[in-house]
Amino acid sequence: MKKLFLTLLLCALPIYAVAQLSDVPEVPKVDAKYIIYLHGVGIEKVGIAKANEDYNGIVKALEGRGFIVISEVRSSDTKVNEYGKKVAGQVMGLITKGVPPENITVVGYSKGGLITLWAAAAVDNPKVNYIVLAGCVLKGSEHYDTYVNKVAPKLTGRILSMFDAADPDRGTCKDFFEAAGNKVTYKEIKFETGAGLGFFGKPGDQCMTPLTDWA
């Protein structure tokens with residue numbers, strides 16, 4: 001009877017349920033590849049169900065490509081610098097527990113991309129991977145000077161930037177990479193889909209393939 005109940009319960013679970021970790025495991029698999037995924041600001045404001053970002057779909061797509069995903073839904077008052085330090089602590093926690101730094105990737109979308117930059121500035125390990133999805137503010141914007149003068153010179157690691165030409169608010173990370181100098185290995189991909197920021201809010205292969213190749 002118990003076995004039948006469990007079977008029915010499993011069948012009743014929604015197919016979109018996500019089983020990612022919310023933090024670094026006590027005993028991580030040291031031969032596994034980890035992605036720390038940082039969602040966009042929309043989820044902070046209106047939650048997973050209403051945001052224009054397929055959070056569950058993205059996490060499941062990353063898991064389907066062989067990664068262990070660490071991710072949590074942030075609160076609406078999250079400060080990018082403070083959360084960046086938290087993520088840096090997660091990265092260093094995995095390394096301390098035996099995970100090779102090259103097996104760790106921080107992926108951030110929109111506001112999550114800004115957090116990723118703060119994390120890359122705090123970890124100070126050239127082998128850790130970072131991916132910034134529509135996360136670099138444009139020259140002349142409110143926060144540009146802070147990032148190019150205070151964050152960028154401290155960046156370290158392998159950083160992939162991706163953005164869409166139709167995004168009016170976020171674009172190239174070139175200035176930040178140049179400010180970092182030889183402490184970063186970087187690549188940038190400019191898409192011209194016309195979708196702007198929203199292009200990265202869905203787990204399409206056009207974005208997922210270069211992302212997972214970099215990781």
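Me: What should I know about the model before I start?
Reply: The model is predicted, so to speak of a local feature takes pLDDT of at least 70, side-chain atom pairs count only at pLDDT 80 or more, and totals for chains, interfaces and linings use all residues. Residues are numbered from 1 along each chain as its sequence is written, and side-chain values use heavy atoms, with hydrogens and water left out.

Me: In what order do the strands of the sheet come?
Reply: The order is S2-S1-S3-S4-S6-S8, six strands in an open sheet with parallel pairing. Strands (E, at least two residues) and helices (H or I, at least four) are DSSP runs numbered from the N terminus, and two strands pair if DSSP finds at least two bridges between them.

Me: Which strands stand at the edges?
Reply: S2 (67–70) and S8 (184–191) do; each has a single partner strand, so one side of each has no neighbour in the sheet.

Me: How many bridges join S6 to S8?
Reply: Eight, with S6 covering residues 157–164. Met162 has Ile189 in S8 as its bridge partner.

Me: What does helix H8 touch?
Reply: H8 (residues 205–214) packs on the sheet and touches S1, S2, S3, S4, S6 and S8. Its direction makes about 170° with that of S6; axes are lines fitted to C-alpha atoms, for helices over the stretch in contact, and angles run from 0 to 180 degrees between N-to-C directions.

Me: Switching to Ser161: buried or exposed?
Reply: Ser161 is buried, at 1% relative accessibility. Buried means under 20% relative accessible area, exposed over 50%, partly exposed in between (1.4 Å probe, protein chains only).

Me: What is Ser161 in contact with?
Reply: Leaving aside neighbours within four places in sequence, its contacts (heavy atoms within 4.5 Å) include Val132, Phe177 and Ile189.

Me: And how many aromatic pairs are there?
Reply: Eight. Rings of Phe, Tyr and Trp (its six-membered ring) pair if their centres lie within 6.5 Å; planes under 30 degrees apart are stacked, over 60 edge-to-face, the rest tilted. Trp118 and Tyr147 are an edge-to-face pair, 6.0 Å centre to centre with 70° between the planes.

Me: Where do Trp118 and Tyr147 lie?
Reply: Trp118 lies in helix H5 and Tyr147 in helix H6, so the pair ties together parts 29 residues apart in sequence. Trp118 is partly exposed at 23%, whereas Tyr147 is buried at 4%.
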